[in-house]
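Please read the following report with the structure open beside you, and find each part as it is named.

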Amino acid sequence: MPRFSIIVPCFKVQGFLRECLDSVLEQSFRDIEVIAVDDRSPDACGAILDEYAARDPRVTALHLPENAGLGRARNAGMPHATGDYLFFLDSDDTLTPGALAALADRLDEAGDPDVLVFDYARTYWWGGTRRNALAELLSATDATFTAAERPEILDLLMVVWNKVYRRSFVEEHGFAFPPGYYEDTPWTFPVMLSAGRIATLDRICLNYRQRRQGNILSTTSRKHFDIHDQYERVFAFVGSRPELASWRPYLHRKMGEHCLDILSKPDRLPPADKGEFFRRTAELMRRHRPPGEPFPADLGVLRGPYAAYRVRRQAGRAGRELARRGAQARVAAGARVYRGLTAVQARRPLDPHLVLYSAFSHRGVLGDPAAIYHKAREIAPQLRGVWVVRDAETAARLPAGVEHVLLDSPAYRRLSARATYFVNNVNWPGSLAKRAGSVHVHTHQGTPLKYMGADLLDKPGARLGVDVPQMLRRADRWDYSLVANEHSELVWERAYPCHFTSVRSGSPRNDVLVDPPRDRARAVRARLGVPEGHTVVLYAPTRREYRRGGHVERLDLARLAAGLGEGHTLVVRLHPSLATGPARGLGLSELHRRGVVVDATDEPHVEDLLLAADVLVTDYSALMFDYAHLDRPIVVHADDWPAYTASRGAYFDITAEPPGHVTRDQDGLVRLFASGAWRDEESARLRAAFRSRFCAYDDGRAAERVVRTLLLGERMPEPGGAVRVPGPAVGGDLLAAR
């Protein structure tokens, strides 16, 4: 029998049905059957199902004699199921690549639980993607459990399609879908409360399509009254099973919250029917209130008349509007205060010992600014270094003893008006006015391969959401631009046509790579859990501008890890901009939990990962320029180079001038490692040429050079021995005046 029976009810979804079925049938895991149910759809759904059934023996097409509705269409498919597990897939949703294999692996690992709950992402008609906000609940434990042991699992979206169900468990309890439009409610609660063993999978297995039109739950209709009948069924089920009586208070509250949520939506109920819906909800709450239990205090509005509810809702809306206007007034007042404070402070002299630091949009003590800060504390303790951070949560993560201010706080405004030195790898906010005599040091974020600054004007996709003229106006404040090689110097002066002086300092953050501290790499490997003696393969892909959200699955990480063989550990670091989106939920989190790979995306100091790695596999990430300082093998995986350059642009062809071998597909990458060619003489030759071109100015003293030359005004030799004292910035930005 197959592992999964995937039941797909279909009604008026001809525009989405092929995509849905293809997402199932093209999965790498093949041990499935698809039972597609044509719910007497008036469009071409039936013909599409017959077409798929004719060409793939795993597909069975059922045609109902009359329209039965979603729940009963699912019921019609269940008697035909022979698989170990039932998967109810809505016909406008899709599975993510590798989803079924991940589900099968987790079921095996968990010993065939009754229910497996997995993650999903909402995908919007306009192209956006948003991960389930409660995804952390899926990673809380590897063990199986009951709802009583972990009731928070019921906080997840209570729908049928984010779970798979052991068929024998469903048949044993006789679970079936009732008629109606909220049919998931009387299925999900009984199933979850009855399950003896529940497991979770922290992986996005399904894309939940958010249709612009056509979703019955997002239309205005009296059909939403169906929720009352469905909760009656839930309470009837609990009433028939004395062992579930303790759940009545929870379900009572859940029912009230659910009904009030429907009532509060402006597009659900016809205005003339809202009073009736309120009264029916209140009656239901009275009838099912557990004996001896207090009425939920936050649902107390249901104990009064509908008129009182309306007054409360109107007061809430009025309060929110007042709060919005108040926030606008506070912003305006804050701007006036800021201008006034700046004007007052601007009459006071600059503090010659005050240095403001920021990195990666105020995310903490990181990158080149961090290296400069630490060196300044060591050799120039008279300088007061203060970090600008974006919020209190970021401030709480700062190392002990780091002085900081929150962005846009009164303290920030005072210090930014008096500081002599500003060190940043991202532009400072536009509200920061540069005073005469202040010195802005821009460190950048590495050697540029992809287009930056003004060069993005010819790449509309890459500059989506980026105001290039504003970026250049902020760059007008730079006095010094740090460069690590001649290539960077030429690019920055082209990409940022502003008046600054290029400083051939090297990259301060790379000092640790040029002169690595003893045993630091060993300590990092131990922290990551890398077994002693393993070869560490660091995979660090960059984001893609040709895909909304920036993430594209370039490699099957589980297959790559297996292909590397024994004695290897695959460490993965996603681009920081993808760390909080759906990218990690598409398999990385689950592979990390299972020990297949190490997810090091949250490691704050990327240089630690570089030190720990024996080889870097990347596509077009600037990390390759940093890693080259270690003189260790680099592999460039360039399977989409034409698409990448067309969308983002590149200053040179990394596939023609690579730091090591270039692969074009996953099979080639696996063969490269299997053969050992990744570290052969050709790899060393390519790396040597790359290092000669891009590591020229890094001598391990870049941070010291910046502190002594730019902050202390001392003389210090450039890399290579030549003395070059940077001059001050002069003039204005000619481009900005056009």
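## Tyrosine pairs

In this predicted model, tyrosine 208 counts as buried because its relative accessible area is 17%, which falls under the 20% cut-off. Tyrosine 120 is buried as well, with a relative accessibility of 4%. A pair of aromatic rings is described by the distance of the centres and the angle of the planes. There are 36 aromatic pairs in the model, and in the one formed by tyrosine 120 and tyrosine 208 the ring centres are 6.2 Å apart while the planes stand at 80 degrees, so this pair is edge-to-face. Because tyrosine 120 belongs to strand S6 (residues 115-124) and tyrosine 208 to strand S9 (residues 198-210), the pair ties together parts that are 88 residues apart in sequence.

Tyrosine 357 and tyrosine 373 make another edge-to-face pair, since their ring centres are 5.3 Å apart and their planes are at 80 degrees. Here the link runs between strand S10 (residues 351-358), which holds tyrosine 357, and helix H11 (residues 367-379), which holds tyrosine 373, so that parts 16 residues apart in sequence are tied together. Both tyrosine 357 and tyrosine 373 are buried.

## The sheet that contains S10

Strand S10 belongs to an open sheet of 7 strands, which are paired in parallel and follow the order S12-S11-S10-S13-S14-S15-S16. At its edges are strand S12 (404-406) and strand S16 (501-504), each of which pairs on one side only, and from one strand to the next the twist averages 25 degrees. Strand S10 runs parallel to strand S13 (residues 419-424) and is joined to it by 5 bridges; leucine 356 stands opposite phenylalanine 422 in S13.

Helix H11 lies across S10, strand S11 (384-389), S13 and strand S15 (480-483), and its direction is at about 145 degrees to S10. Helix H15 (residues 486-495) also packs on the sheet, where it touches S15 and S16 and makes an angle of about 145 degrees with S15.

## A sheet of 6 strands

Another open sheet has 6 strands in the order S19-S18-S17-S20-S21-S22, again with parallel pairing. Strand S19 (598-599) and strand S22 (662-663) each have a single partner strand, so one side of each is left without a neighbour in the sheet. Within this sheet, strand S17 (residues 535-540) pairs with strand S20 (residues 615-618) over 4 bridges, and leucine 538 stands opposite leucine 616 in S20.

Helix H23 (residues 666-675) lies across S17, S20, strand S21 (634-637) and S22, and runs at about 165 degrees to S21. Glycine 668 is part of helix H23 and counts as buried because its relative accessibility is 17%. From glycine 668 to histidine 637 the C-alpha distance is 9.3 Å, although the two are 31 residues apart in sequence.

How far apart should the ends of helix H7 be? Helix H7 (residues 226-239) has 14 residues, which at 1.5 Å a residue should span 20 Å, and its end C-alpha atoms are 20 Å apart, so the two values agree. Among the buried residues of H7 are Asp226, His228, Tyr231 and Phe237, and what covers the buried residues includes helix H6 (185-194), helix H8 (248-264) and helix H9 (274-287).

Phe237 also takes part in a cluster, in which ring pairs link it with Phe88, Tyr165, Phe169, Phe175, Phe177 and Trp187.

Methods:
Residues are numbered from 1 along each chain as its sequence is written. This is a predicted model: local features need pLDDT of at least 70, side-chain atom pairs count only at pLDDT 80 or more; totals for chains, interfaces and linings use all residues. Side-chain values use heavy atoms; hydrogens and water are left out. Helices (H or I, at least four residues) and strands (E, at least two) are DSSP runs, numbered from the N terminus. The expected span of a helix is 1.5 Å times one less than its number of residues. Buried means under 20% relative accessible area, exposed over 50%, partly exposed in between (1.4 Å probe, protein chains only). Contact means heavy atoms within 4.5 Å. Two strands pair if DSSP finds at least two bridges between them. Axes are lines fitted to C-alpha atoms, for helices over the stretch in contact, and angles run from 0 to 180 degrees between N-to-C directions. Rings of Phe, Tyr and Trp (its six-membered ring) pair if their centres lie within 6.5 Å; planes under 30 degrees apart count as stacked, over 60 as edge-to-face and the rest as tilted.
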